[in-house]
Amino acid sequence: MEPILSRAKDREVVSTAHGGEVLKEVIYAQESGFLPEGQITQIAVGRFPAGYTEDNTHAHRTMWQLDFVIEGEMTCVVEGVEYHLGPRDFLAIPPGMAHRQLTGKMPVITFYFGIAVS
């Protein structure tokens, strides 16, 4: 087996389901050949602007969402409970839990994994 190199910087940075203001530099694991179907679905750096409020409370039916805050502070509301996150904080949201994200006065940068479950 050979190592696999995929460069997110070579991909188009696109807005996501989180709203037009949120940008993710995404590498999709299956598309890149990292893992077999059904494991890590995506690896991303998310960039949330200051004053962002996600209107779309949503849940991922078959995926864990793992967020690691690199820079800034944000609030994740999971099933109505607020989690205040800052640099080096990690939040794992299990499949099926409704959640949304909000930022304060500064932009936020997160490192994000989506891990599928069967």
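These are my notebook entries on Thr75 and strand β5 in a predicted model.

**Entry 1: confidence.** I checked pLDDT before anything else. The chain averages 79, and 65% of the residues score at least 70. Among the elements of the chain, strand β6 (residues 81-85) has the highest mean, 97, while helix α1 (residues 29-32) has the lowest, 52. A note to myself: where pLDDT is low, the predicted coordinates should not be read in detail.

**Entry 2: the strand.** I then looked up where Thr75 sits, and found it in β5, which spans residues 74-78. Is β5 enclosed or open? Five of its five residues are buried, so the rest of the structure largely encloses β5.

**Entry 3: the partners.** Which strands pair with β5? β6 runs antiparallel to β5 and is joined to it by five bridges; strand β8 (residues 99-103) also pairs with β5 in the antiparallel sense, over five bridges. On the β6 side I found Val77 opposite Glu82. β5 and β6 make a hairpin with two residues between them, and Glu79 in the turn has a positive phi of about 50°. On the β8 side, Thr75 has Leu102 as its bridge partner.

**Entry 4: Thr75 up close.** Thr75 has 15% relative accessibility and therefore counts as buried. Beyond its neighbours within four places in sequence, I listed its contacts as Glu82, Tyr83, His84, Arg100, Gln101 and Leu102. With His84 there is a side-chain to side-chain polar contact at 3.0 Å. I also noted Thr103, 28 residues away along the chain, with a C-alpha separation of 6.3 Å from Thr75.

Terms used:
Residues numbered from 1 in each chain as written. Predicted model: local features only at pLDDT ≥ 70, side-chain atom pairs only at ≥ 80, totals over all residues. Heavy atoms only, no water. Helix = DSSP H or I, 4+ residues; strand = E, 2+ residues; numbered from the N terminus. Buried < 20%, exposed > 50% of the residue type's maximum accessible area, 1.4 Å probe, protein only. Contact = heavy atoms within 4.5 Å. Polar contact = N/O pair within 3.5 Å; in protein donor to acceptor, adjacent residues only side chain to side chain. pLDDT = per-residue confidence, 0-100. Pairing = 2+ DSSP bridges.
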